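These exercises go through side-chain contacts, accessibility, backbone geometry and voids, each with a worked solution. Have the sequence and the coordinates open while working.

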Amino acid sequence: MVQLRKFEVEQWMDTYETTPNVLNVAETCCSSISIDELSRLSGDKHDPAHIPTDRRLTYGSIRGSSALRQSVAHLCSDTSRHCLTEDNVIITQGAINANFLVLYSLVGPGDHVVCAYPTYQQLYSVPVSLGADVSLWVLRSDAGYLPGIDDLRSLIRANTKMIIINNPNNPTGAVIPTKLLEQIAALAQERDIILMSDEVYRPLFHNGHDNPNSTPPATALDYEKIIVTGSMSKAFALAGIRIGWIASRDRDIMETLATARDYTTISVSQLDDHIAGYALSSPVRDRLLERNVALAANNLSLLKHFVDTHNDICQWTRPSAGTTAFIQFRVNGRPVDDVAFCKDLLKKTRVLLCPGSLCFGGGKDFLGFVRVGYACDTAVLQEALVKLDGYVRDTWYTGKDTKLVNNDE
C-alpha cells in the first residue's frame, strides 16, 4: 500500500479556514471572481460568460476541449522561442491532479528526484510515497530564494529521473530569472533528466503579466523533456471550477500521461471547461490578469508597510510574483514558535496564517516563518493587518508571552 505523509498545509487549512468570521490570509488564490464579473470583463452585457443553456451535459472532450487547450498552449508558449499547440496540452481537475498525474506516471522505485525546497509539499512527498529517493534543493533567504545551479549539480545522481521547480515559488513568491532557468534546463538536458515546473502562480508577475522581461514558461526553453503544470485557481481567481493542465512538447511524455489519466479522469466538467476557455479568451484573459495583478501589487504594498513597521521582529524577501509571502518573526534574536503563534493569533484575533515550519519545513526547518496569502479582498487584508499589528505589539513588545518564542533553534 502506498504510504503518504500527512499533507500538512492542506490539513491546516481544512482544520482552521472554516473558523467562524475568520480573516483568512492563509488562502493563496486571488480573490475569487463571479460569473457576472467575468462576463463584464468582456464587455458583453447580454450573455454572462456565454454559457449555452441548451447544451446536453454529457462527457466532454477526453483531454479537454480544443478551445481550452489552445488557450493553455498560448499561455505555455513564447513566440520568440517555442510555441505549443493543443496537442501539447492535457486538461486536468486542478493543478493538484496535474502534479499527481505527472509524478504517478513518471516516477517510481529506484528513481531519484531533486525538488526545490521550500515548496508545495505534494511535489516531494508524492515521489517518496511512490518509492523514489528525493533530495531537497534548498532555497536560501540570503540568495533571495533563488536556486543555486552548483547546488543542483551536486545533487544529481546517475539515477536522477526528474528535477522539480515551482516558479513562481510557493511560499516565497520568488521567480527564477530567465538566465538561471535556462541553466537549469541545460543541465537537465545534459543529463537527460525530466524538468517539471509547477507554474500555478504564473503569470501573476507584479511588474505586469505581459512584461517582455518576465521569465518565460519553462516549456518555451530549448529542451523538449520539460513539463509545466498550472491551473485557473491562483492567478486567474477561478479556484471553484477546478481546472488545471499539463503541457509538454515531448510526445512520449504526453502519451504516457494520457494513458495514466484514463484510469483517473474521463473528462473534466463541460461547464468548467467552458468557463475556463472563456476566461482565457482574448480580451477577457488580459483584463482578468490586469485585475489580479493590480490586486496583488496593491495588497503587497500594505503587507510591506506592516513588515517595514515591524522590521525589528520581521524578516522577509519581498515577493516579485504570485500571492504568497514568507515572513519570519523573531523576538530577542530567536524565531517564534510559529505553530503556537498561528494558533494563538487565530484564537485571539480570528486572523489565519500558515505556520512555516509545520506546513513547509517538516516540523524542523523554517522555524518562526509564516506564509501570508495577500491577494484576498483588500478589506480583509487591511483588517487582518490591523489585528496582527495589535497582537504583536501586545504580545512581544511587552514581553508578555515569551512562551511563544522558540528555544530549540
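**Exercise 1. Classify Arg 81 by accessibility and follow its salt bridge.**

Step 1. Arg 81 has a relative accessible area of 31%, so Arg 81 is partly exposed; buried means under 20%, exposed over 50%, and partly exposed in between, with a 1.4 Å probe and protein chains only. The structure is a predicted model, in which local features need pLDDT of at least 70 and side-chain atom pairs count only at pLDDT 80 or more, while totals for chains, interfaces and linings use all residues. Residues are numbered from 1 along each chain as its sequence is written, and side-chain values use heavy atoms, with hydrogens and water left out.

Step 2. The side chain of Arg 81 meets that of Glu 182 in a salt bridge, 2.7 Å from N to O. The criterion is a side-chain nitrogen of Lys or Arg within 4 Å of a carboxyl oxygen of Asp or Glu.

Step 3. Arg 81 lies in the loop between H3 and S2 and Glu 182 in helix H7, so the pair ties together parts that are 101 residues apart in sequence. Helices (H or I, at least four residues) and strands (E, at least two) are DSSP runs, numbered from the N terminus.

Step 4. Glu 182 is also partly exposed, at 32% relative accessibility.

**Exercise 2. Work through two further salt bridges and state the total count.**

Step 1. Glu 86 and Arg 69 form a salt bridge through their side chains, with an N to O distance of 3.3 Å. Glu 86 sits in the loop between H3 and S2 and Arg 69 in helix H3, so this pair links parts 17 residues apart in sequence.

Step 2. Glu 86 is partly exposed at 21% relative accessible area, whereas Arg 69 is buried at 12%.

Step 3. Asp 344 forms a salt bridge with Lys 348, and the closest N and O atoms are 3.1 Å apart. The two residues are four apart in helix H11 (residues 338-349), which means a separation of about one helical turn. Asp 344 is buried, with a relative accessible area of 17%.

Step 4. Salt bridges with shared partners join Asp 78, Arg 81 and Glu 182 into one network. The count for the structure comes to 18 salt bridges.

**Exercise 3. How are the rings of Phe 329 and Trp 396 arranged?**

Step 1. The whole structure contains 14 aromatic pairs. Rings of Phe, Tyr and Trp (its six-membered ring) pair if their centres lie within 6.5 Å; planes under 30 degrees apart count as stacked, over 60 as edge-to-face and the rest as tilted.

Step 2. The ring centres of Phe 329 and Trp 396 are 5.9 Å apart and the planes are at 40°, so the pair is tilted.

Step 3. Phe 329 belongs to strand S10 (residues 324-331) and Trp 396 to the segment after helix H13 (378-395), so the pair ties together parts 67 residues apart in sequence. Both Phe 329 and Trp 396 are buried.

Step 4. Tyr 117, Tyr 124, Phe 326, Phe 360, Phe 366 and Phe 369 form one aromatic cluster.

**Exercise 4. Find backbone exceptions around Tyr 145 and Pro 168.**

Step 1. Most residues other than glycine have a negative phi, and most peptide bonds are trans.

Step 2. Phi of Tyr 145 is positive, near 60°. Tyr 145 is in the loop between strand S4 (133-138) and helix H6 (149-155), and is buried at 5% relative accessible area.

Step 3. Asp 192 also has a positive phi, near 60°; Asp 192 lies in the loop between H7 and strand S6 (194-198).

Step 4. A cis peptide bond joins Asn 167 and Pro 168, with omega about 0°. The bond from Asn 170 to Pro 171 is cis as well, with omega near 25°. Pro 168 is in the loop between strand S5 (160-166) and helix H7 (178-191), and Pro 171 is in the loop between S5 and H7.

**Exercise 5. Which residues line the largest cavity?**

Step 1. Among the lining residues are Ala 116, Leu 139, Tyr 145, Asn 167 and Ile 176. On a 1 Å grid over the protein atoms alone, a cavity is a set of points where a 1.4 Å probe fits but cannot get out, and lining residues have an atom within 4 Å of a point.

Step 2. The largest cavity holds about 70 Å³ of space. Grid points are joined across faces, edges and corners, and a volume is the space filled by probe spheres set on the points.

Terms used. On a 1 Å grid over the protein atoms alone, a cavity is a set of points where a 1.4 Å probe fits but cannot get out, and a pocket is an open set with protein on both sides within 12 Å along at least five of seven lines; lining residues have an atom within 4 Å of a point.
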